[in-house]
Amino acid sequence: MKKLVLVLLSGLITACAATDSHVNSTALETYVAEDVTAQISRDYPAANTTIAFNARDNFGSKLSQDLRAKGFAVSDNNASDSKKLSIVLDEVYKGLYRVTYTIDGYEVFARAYVIDMQSGVKPSGSWTKIGN
């Protein structure tokens with residue numbers, strides 16, 4: 001049952017191929033965009049990878065800039081040779097935020113973050129990979 005839920009969640013996220021931020025913090029969005037870019041860079045060669053998603057908010061725009069700065073090609077259409085990125089940034093609980101992204105619907109990555117008044121935004125744990 002758990003695998004079915006993960007597969008359905010993965011499919012829903014992939015179907016959108018877009019960014020969706022449900023937070024109101026530029027500092028958090030900036031930090032998470034940089035962190036997601038670093039994580040994607042570990043898994044895909046920048047010079048040979050096109051990332052496709054619809055950057056429909058400030059978070060998506062920042063992520064697009066960061067990916068391009070790392071050497072990725074970024075597109076808003078779903079060409080057959082591109083990696084389709086879907087990503088959601090939301091508040092799970094008061095003061096606890098989560099980013100979840102999938103590329104081509106095969107793997108889902110997630111990470112939690114907190115905003116500390118003294119040290120700013122910081123990860124609340126490691127990246128978690130769900131799926132293949």
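Modeller: Helices, of at least four residues, and strands, of at least two, are DSSP runs numbered from the N terminus. The model discussed here is predicted.

Biologist: In which loop is Ala-55 placed?
Modeller: Ala-55 has a relative accessible area of 32%, so Ala-55 is partly exposed. The place of Ala-55 is in the loop between β2 (50–52) and α3.

Biologist: How many helices and strands does the chain have?
Modeller: Along the sequence the pattern reads α-β-α-β-α-β-β-β-β-β-β. That gives the chain three helices and eight strands.

Biologist: What share of the residues in the chain is buried?
Modeller: The accessible surface of the chain is about 7400 Å². Carbon and sulfur atoms hold 51% of that surface. Of the 132 residues in the chain, the buried share is 42%.

Biologist: What part of the chain's contacts with a separation of 6 or more comes from residues 24 or more positions apart?
Modeller: Contact here means heavy atoms within 4.5 Å. Among contacts with a separation of 6 or more, residues 24 or more positions apart account for 57%.

Biologist: Is the crossing of α2 and α3 left-handed or right-handed?
Modeller: The axes of the two helices come within 9 Å. The crossing of α2 and α3 is right-handed.

Biologist: How do the residues of the contact of α2 with α3 divide into nonpolar, polar and charged?
Modeller: From α2 come Glu-29, Thr-30, Val-32, Ala-33, Glu-34, Val-36, Thr-37 and Ile-40. They meet Asn-58, Phe-59, Lys-62, Leu-63, Asp-66 and Leu-67 in α3. The residues of this contact divide into seven nonpolar, three polar and four charged.

Biologist: Is Asp-66 buried or exposed?
Modeller: Asp-66 is found in helix α3 (residues 58–69). Beyond four places in sequence, Asp-66 is in contact with Thr-30, Ala-33, Glu-34 and Thr-37. Its relative accessibility is 11%, so Asp-66 counts as buried.

Biologist: How far apart in space are Thr-26 and Lys-62, C-alpha to C-alpha?
Modeller: Thr-26 is placed in helix α2. At 61% relative accessibility, Thr-26 counts as exposed. Thr-26 and Lys-62 are 36 residues apart in sequence, and their C-alpha separation is 9.8 Å.

Biologist: Is Trp-127 buried or exposed?
Modeller: Trp-127 has its place in the loop between β7 (120–123) and β8 (128–131). The cut-off for buried is under 20% relative accessible area. Trp-127 has 17% relative accessibility, so it counts as buried.

Biologist: What distance separates the C-alpha atoms of Trp-127 and Phe-109?
Modeller: Leaving out residues up to four places away in sequence, Trp-127 touches Asp-35, Val-36, Gln-39, Val-99, Tyr-101, Phe-109, Ala-110, Arg-111 and Tyr-113. Phe-109 is 18 residues from Trp-127 along the chain, and the C-alpha separation is 6.6 Å.

Biologist: What is the phi of Asp-104?
Modeller: Most residues other than glycine have a negative phi. Asp-104 is in the loop between β5 (96–103) and β6 (107–116). Asp-104 is not a glycine, yet its phi is positive, at about 60 degrees.

Biologist: Does Asp-104 count as buried, partly exposed or exposed?
Modeller: Buried requires under 20% relative accessible area, and exposed over 50%. Asp-104 is at 21% relative accessibility, so it counts as partly exposed.

Biologist: Which residues does Asn-77 touch, not counting residues up to four places away in sequence?
Modeller: Asn-77 is found in the loop between β3 (73–75) and β4 (83–93). At 43% relative accessibility, Asn-77 counts as partly exposed. Its C-alpha atom is 7.6 Å from that of Asn-54, 23 residues away along the chain. Not counting residues up to four places away, Asn-77 touches Ala-52 and Ser-82.

Methods:
Residues are numbered from 1 along each chain as its sequence is written. This is a predicted model: local features need pLDDT of at least 70, side-chain atom pairs count only at pLDDT 80 or more; totals for chains, interfaces and linings use all residues. Side-chain values use heavy atoms; hydrogens and water are left out. Buried means under 20% relative accessible area, exposed over 50%, partly exposed in between (1.4 Å probe, protein chains only). Axes are lines fitted to C-alpha atoms, for helices over the stretch in contact, and angles run from 0 to 180 degrees between N-to-C directions. A crossing is left-handed if the near helix is turned anticlockwise from the far one by less than a right angle, and right-handed if clockwise. Ala, Val, Leu, Ile, Met, Phe, Trp, Tyr, Cys and Pro count as nonpolar, Asp, Glu, Lys and Arg as charged, and the others, Gly among them, as polar. Accessible areas come from the Shrake-Rupley method with a 1.4 Å probe; for residues, only the protein chains shown count as cover.
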